Amino acid sequence: MSASQPISPAEAETVLRELNQELNRLQRTIRLAIQAQLSKMVGRSFDDLQKNRELADSIHQLLDSHGLRVTCLECGHPAILRVSPRGESSGVFVFDHTIEGKRTFHGGRKTVPIIRLVAKPRRKPRQILARQTTT
């Protein structure tokens, strides 16, 4: 295929399908590499609430930059790993997510839980209230 020749719809579809397959393979490789590295922290934590929160925030930023979320071990929904001040002074790791429109926190372990990664779900569009105009 030459750059000066027009592309047919069938050729464009083939190129895009192959590109999508290659990107899916690369994303899977990235996801598995991140998951493998994060698994080294499972069962560990800092003895300080702020440091644990910073760790959870760093994990979230890394995952978010690659379109990923952790899987809630309790219900299986995509979630954000956070640290709540509940429990001991170092806090507890929780899974923050929304179920049926309600924000939910599952978990509550003193140490980093098992981390399984999934694709970040698409955002649901916010409902826009229609404005009524009077004349």
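This is a predicted model: local features need pLDDT of at least 70, side-chain atom pairs count only at pLDDT 80 or more; totals for chains, interfaces and linings use all residues.
The chain has two helices and five strands. Read from the N terminus, the order of elements is α-α-β-β-β-β-β. The chain holds 135 residues, and 24% of them count as buried. Its accessible surface comes to about 10400 Å². Carbon and sulfur atoms hold 52% of that area. Contacts between residues 24 or more positions apart make up 49% of those with a separation of 6 or more.

The largest pocket holds about 700 Å³ of space. Two elements each give two or more residues to the lining of this pocket, namely β2 (78-84) and β3 (92-99). In total, 20 residues line the largest pocket. Nearest its centre lie His97, Thr98, Pro121, Arg122 and Arg123. By class, the lining of the largest pocket divides into ten charged, six nonpolar and four polar residues.

The second largest pocket has a volume of about 190 Å³. Helix α1, which spans residues 9-38, gives the most to its lining, with four residues.

Pro121, one of the residues nearest the centre of the largest pocket, sits in the segment after β5 (117-119). Pro121 counts as partly exposed because its relative accessibility is 46%, which falls between the limits of 20% and 50%. Beyond its neighbours within four places in sequence, Pro121 is in contact with Arg69 and Pro78. Pro121 and Ala79 are 42 residues apart in sequence. Their C-alpha atoms are 9.5 Å apart in space.

Arg69, a contact of Pro121, belongs to strand β1, residues 68-71. Arg69 has 12% relative accessibility and therefore counts as buried, the limit being under 20%. The side chain of Arg69 forms a polar contact of 2.9 Å with the side chain of Asp64. Residues up to four places away in sequence are left out of the contact list of Arg69. That list includes His60, Leu63 and Asp64. It also holds Pro78, Ala79 and Ile80. Further along the chain, Arg69 touches Arg116, Leu117, Val118, Lys120 and Pro121.

His106 is placed in strand β4, residues 102-109. With 14% relative accessibility, His106 counts as buried. The side chains of His106 and His97 make a polar contact at 3.3 Å. His97 is also among the residues nearest the centre of the largest pocket. Apart from neighbours within four places in sequence, His106 is in contact with Cys72, Glu74 and Cys75, as well as with Val94, Phe95, His97 and Ile99.

Glu100 lies in the loop between β3 and β4. Glu100 counts as exposed because its relative accessibility is 80%, where the limit is over 50%. Its backbone has a positive phi of about 50 degrees, although Glu100 is not a glycine.

Arg53 is located in helix α2. Its relative accessible area is 31%, so Arg53 is partly exposed. Arg53 touches Val83 and Pro85, not counting residues up to four places away in sequence. The side chain of Arg53 reaches the backbone oxygen of Val83 at 3.2 Å. Arg53 and Pro85 are 32 residues apart in sequence, and their C-alpha atoms are 9.3 Å apart in space.

Ser39 is found in the loop between α1 and α2 (49-65). At a relative accessible area of 41%, Ser39 is partly exposed. Ser39 and Val112 are 73 residues apart in sequence. In space, 9.0 Å separates the C-alpha atoms of Ser39 and Val112.

How values were computed:
Residues are numbered from 1 along each chain as its sequence is written. Side-chain values use heavy atoms; hydrogens and water are left out. Buried means under 20% relative accessible area, exposed over 50%, partly exposed in between (1.4 Å probe, protein chains only). A polar contact is a pair of N or O atoms within 3.5 Å; within protein, one must be able to donate a hydrogen and the other to accept it, and residues adjacent in sequence count only if both atoms are side-chain atoms. Contact means heavy atoms within 4.5 Å. Accessible areas come from the Shrake-Rupley method with a 1.4 Å probe; for residues, only the protein chains shown count as cover. On a 1 Å grid over the protein atoms alone, a cavity is a set of points where a 1.4 Å probe fits but cannot get out, and a pocket is an open set with protein on both sides within 12 Å along at least five of seven lines; lining residues have an atom within 4 Å of a point. Grid points are joined across faces, edges and corners, and a volume is the space filled by probe spheres set on the points. Ala, Val, Leu, Ile, Met, Phe, Trp, Tyr, Cys and Pro count as nonpolar, Asp, Glu, Lys and Arg as charged, and the others, Gly among them, as polar.
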